[in-house]
Amino acid sequence: MELTTEIKENINKSVLCWLATVSTENIPNVSPKEIFNYYGKDKIIVANIASPQTVENIKQNPNVCISFIDIFVQKGFQIKGRAKIIGKADSEFLEMENILTKMTCGNFPFLTITEIKVEQIKPIIAPKYILYPETTESEQIESAKKTYGI
């Protein structure tokens, strides 16, 4: 399943995402990720900076869910797919590393990358848009700024 321009733009505006995995004991793990981007037409890549549980879970069960939103507009996407851990010995590591290192300016070293092949995409939308359909994104941004004291 391909990532649309809208999804790629949303990824570029999001400063944090949440990656959900599950252990072999069926214990869920949701971990915030700061360094992530899209890769090609149908993949998302995430730098594994401080992610031992995420990496271990993916090695045992590759099914994951990643979510990201624009905190002001309060819209985003939930993406489900299959993940794999990319290490330095993998042919695509260097290209992926270059994309993610530009985001970190070299300040966050990482030895592996989580690659997620997109299988399902679902929009995330704040309930206010549904309960009050006349709500505009501008109104939602102003409300969020007020809530966050900005």
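Which residues form a nonpolar patch on the surface? Keep that in mind while we look at the whole chain. The model here is predicted, so local features need pLDDT of at least 70, side-chain atom pairs count only at pLDDT 80 or more, and totals for chains, interfaces and linings use all residues. Residues are numbered from 1 along each chain as its sequence is written, and side-chain values use heavy atoms, with hydrogens and water left out.

Let us start with the overall fold. The chain holds 5 helices and 7 strands; these are DSSP runs numbered from the N terminus, with helices being H or I of at least four residues and strands E of at least two. Along the principal axes, the C-alpha atoms fill a box of roughly 50 × 35 × 30 Å.

What about contacts and cover? Of the contacts between residues at least 6 apart in sequence, 68% join residues at least 24 apart, where contact means heavy atoms within 4.5 Å. Buried residues account for 40% of the 150 in the chain (buried is under 20% relative accessible area, exposed over 50%, partly exposed in between, with a 1.4 Å probe and protein chains only). The accessible surface is about 8800 Å², and 55% of that belongs to carbon and sulfur atoms; such areas come from the Shrake-Rupley method with a 1.4 Å probe, and for residues only the protein chains shown count as cover.

Now back to the patch. Val15, Leu16, Trp18 and Val30 form it, with about 360 Å² of accessible area together. Patch residues have over 30% relative accessible area and no salt bridge, with like charges joined within 9 Å and nonpolar side chains (Val, Leu, Ile, Met, Phe, Trp, Tyr) within 5 Å; a salt bridge is a side-chain nitrogen of Lys or Arg within 4 Å of a carboxyl oxygen of Asp or Glu. Val30 sits in strand β2, residues 28–33, and is exposed at 53% relative accessible area.

Finally, visit two loops. Asn26, between β1 (17–22) and β2, has a positive phi near 65° and is exposed at 62%. Cys105 lies in the loop between α3 (93–104) and β7 (112–125); its phi is also positive, near 55°, and its relative accessible area of 64% makes it exposed. Most residues other than glycine have a negative phi.
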